[in-house]
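Please read them with the structure open.

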Amino acid sequence: MAKATAEKRLPKFYWPVVLIFAVIAAGVFYLRPPILSSLRNLAFDAYQRIAPAPALPDAPIRVVHIDESSLVRLGQWPWSRATIAELTQRLGDAGAAAIAFDVLFAEPDRTSPEQLLAAAPAARRAALARALGDAESHDARFAASLDQFPTVLAASLHDQANGVLFPLRAGFAVAGDDPSPYLRNLPGVATSLPALSDAADGVGFINWLPDGDQVVRRVPLLLRHNDEIAPSLALEALRVAFGASTYVVRSANASGTSAFGAHTGINAIKVGPLTIPTDAEGQVWLRFRAYDEREAVPAWQVLDSSFEPGQFEGAIVLVGASAPGLMDLRATPLDASIPGVQLHRQLLEQILAGNFLQRPDFAPGIELLIAMLAIVVLAIAAPRFGPSINAAIGFALVAAIWLLGIVLFVQSNYLFDPIFPTLAALVFAAGATTYFYQRTEHQRADIRRAFGQYVAPSVIRQLTAHPERLKLGGEVRELSILVCDIRGFSKIAERMSAEQLTAFINSFLTPLSDIVIENGGTIDKYMGDAILAFWNAPLDQADHAARACRAAMQIMSRLEGLNTVWQSEAEAAGRPFEQVRIGIGVNTGECCVGNLGSERRFDYSAIGDNVNIASRLESLTKAYGLTLLISEQTRNGAANAGLIEADLVRLHGREGATRVYTATLEQGAADPAHTAFLDAFRQGRFDEARALLTQLQTTSHAGFAGLYANYKHRLERAGDMAPSDWAGVYDPERK
């Protein structure tokens, strides 16, 4: 019934607006603004940091670093090509399956004999030529070592056409659509010296295509150089290691991968026995692992043969720079900078392990569907629940979306983009929250106008926070109830005119009401000269018993000041004055509290036996001559209120005895004789009790005179011997 009512109260335009929002969100999704791509990349980076790729110590990939220690031992870069030839020779002799250089050798070696001779002054050339004799060119020595072993050299593609051709060493076979339109075209190329490229078994580009933040997340395996398809250095290293001569590029509409006529780009690249899945542009998402410099072998160790035997046997060896001064450092989701050659390594490890990240063509459609489902869930929940529950639902949806992404990444290597569904949910939630907040504010204003004249401020706050509570009925909860009444009010009223009596009642109830409200209480009702108030409703108050006790003590203190004012007024009016005395009863227990009454008129009120007990305690103050009586239940909730036990009382309608407490404004710590007296009285030791009572009547505060007079009367009636059923319980009904 409540849900149906809530649905009926929705404006007619609510669901059309939800539909319009969903359409706009879908349009933004398909426009793919750059900010969404940037945020998506950050989400994918978070996945990688949560679950980086495992280390693959057995992968047949080795890296030789041109590092700082090698520069210290061998001199500054570039080294002599004779040194590079020696490095190649050592790696080849160690059994490397392929040796790939992540270095460009674009210019002749300046330390080569012919270069030294050409650069020498003319007057010294003849002598230098005789000294050099038939010394072999360093570039020729390097070319010979390249030709002797399975090697791969680097090339770098760029945007400036320079008429240089890419030195392809492999052929391409295409299955399906022509892949060229899907590959990025870079018309310029920088290569190693032609003699070196011709001697190598393979040449691959070393380009990266980082995102706008210069972080490498995907690597291209293929690029286009004018009308030719060029392979990457890592891809060429694989081909050479496998002894293959041709790549097979599988595109949409190839046999077994029908796209129903749609042209969706590249699907995979086959090299040797391996098939590498790619995105439509021939790129691979890398699942990174943390860089560990100890996994690389410094170049100097290769040159002096101090590396471990068998370390390079059957492995693809990558040679590249790691020294910071050589400027070949790259950023990844896991590391701020790692040597570029390490990216080739991680790519090759991923290919050989078959551990590919997946981002299929249908992924955006799934993400859009989840975003729409989140909007629908929030749209259904928004009018039915309050802000806190709706916030919890929103956070739960966002958490579920991110958890789904993490689980898919960890379990299936699937790259699920949580950004758009999250943003769609948050933007819709913000809009719905703003609308329903404004709507609720209008409702609260109506409530304030309707109830502000006769409902306590605390009740108004509760009703404006929860308008649904404006119905008949209530709830059972623990309350602390205070009842305060004027003693002998009829006698006081007889001496006053109607106007004077009205002014007197107002001057009495106004400050008492202020005290109740200042202590967080709710005024239930005024009953002539009496006031009924309670705590812990409608707002929760963990210290409600202590608040009620504090209010009672403040009322007692305020009465002294009021009596002074009333005495002055009586003297000015020429009428006799008698001190106004009050009785206060405070009790704690479960009550029914809520909007009680009829459909036409109801008040926020409390009813129940515990309300009656508070009223009976107030009446009982007359028998004790006390101002205040507090039940044991209240005292237990206000342990630091400084209360003194007064008696055990059998209240009307209750079988057991109720322990009651009291306090006066001037009292200090409880007199030890008082506790001793109560113990003697209740155990029937009447002689001892009478002696202690006599002492107390002499030494105790005047405020307890009535209490001790009550005990004296009961002792006189009890005689000298306690009855067999004596428990010292006071029964007001029996007197």
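1. Start with α13 and α14. Helix α13 (residues 363-381) packs with α14 at an angle of about 165 degrees, and their axes are 10 Å apart. Angles over 145 degrees count as roughly antiparallel, so α13 and α14 are roughly antiparallel to each other. Their crossing is right-handed. Bear in mind that this is a predicted model.

2. Which residues make this contact? From α13 come Ile 370, Ala 374, Val 377, Leu 378 and Ala 381. From α14 come Asn 390, Ile 393, Gly 394, Leu 397, Ile 401 and Leu 404. By class, the contact of α13 with α14 has nine nonpolar residues, two polar and no charged.

3. Helix α14 (residues 387-412) also packs with helix α3 (residues 34-50). Here the angle is about 55 degrees, with the axes 10 Å apart. That makes α3 oblique to α14. The crossing of α3 and α14 is right-handed.

4. On the α3 side, the contact residues are Ala 43, Tyr 47, Gln 48 and Ile 50. They meet Trp 402, Gly 405, Ile 406 and Phe 409 of α14. The contact of α3 with α14 divides into six nonpolar residues, two polar and no charged.

5. Now turn to α22 and α23. Helix α22 (residues 672-682) and helix α23 (residues 686-699) cross at roughly 150 degrees, and their axes come within 8 Å. α22 and α23 are therefore roughly antiparallel to each other. Is their crossing left-handed or right-handed? The crossing of α22 and α23 is left-handed.

6. The contact of these helices takes in Ala 673, His 674, Ala 676, Phe 677, Ala 680 and Phe 681 in α22. Their partners in α23 are Phe 686, Glu 688, Ala 689, Leu 692, Leu 693, Gln 695 and Leu 696. By class, the contact of α22 with α23 has ten nonpolar, two polar and one charged residues.

7. Next, the second largest pocket. Its volume is about 920 Å³. The lining has 32 residues. Closest to the centre of the pocket are Arg 218, Asp 279, Ala 280, Trp 285 and Arg 359. By class, the lining has 17 nonpolar, five polar and ten charged residues.

8. Which strands supply this lining? At least two residues each come from β7 (218-220), β8 (222-225), β11 (266-271) and β13 (283-285). The largest share, three residues, is from β13.

9. Two backbone details deserve a look. The peptide bond from Trp 77 to Pro 78 is cis, with omega near 5 degrees. Where does Pro 78 lie? Pro 78 is in the loop between α4 (68-74) and α5 (81-93).

10. The other detail concerns Gln 214. This residue is not a glycine, yet its phi is positive, about 65 degrees. Gln 214 is found in the loop between β6 (202-205) and β7. Strand β7 is also one of those that supply at least two residues of the lining of the second largest pocket.

Conventions. Residues are numbered from 1 along each chain as its sequence is written. This is a predicted model: local features need pLDDT of at least 70, side-chain atom pairs count only at pLDDT 80 or more; totals for chains, interfaces and linings use all residues. Side-chain values use heavy atoms; hydrogens and water are left out. Axes are lines fitted to C-alpha atoms, for helices over the stretch in contact, and angles run from 0 to 180 degrees between N-to-C directions. Helices (H or I, at least four residues) and strands (E, at least two) are DSSP runs, numbered from the N terminus. Angles under 35 degrees count as roughly parallel, over 145 as roughly antiparallel, 65 to 115 as roughly perpendicular and the rest as oblique. A crossing is left-handed if the near helix is turned anticlockwise from the far one by less than a right angle, and right-handed if clockwise. Contact means heavy atoms within 4.5 Å. Ala, Val, Leu, Ile, Met, Phe, Trp, Tyr, Cys and Pro count as nonpolar, Asp, Glu, Lys and Arg as charged, and the others, Gly among them, as polar. On a 1 Å grid over the protein atoms alone, a cavity is a set of points where a 1.4 Å probe fits but cannot get out, and a pocket is an open set with protein on both sides within 12 Å along at least five of seven lines; lining residues have an atom within 4 Å of a point. Grid points are joined across faces, edges and corners, and a volume is the space filled by probe spheres set on the points.
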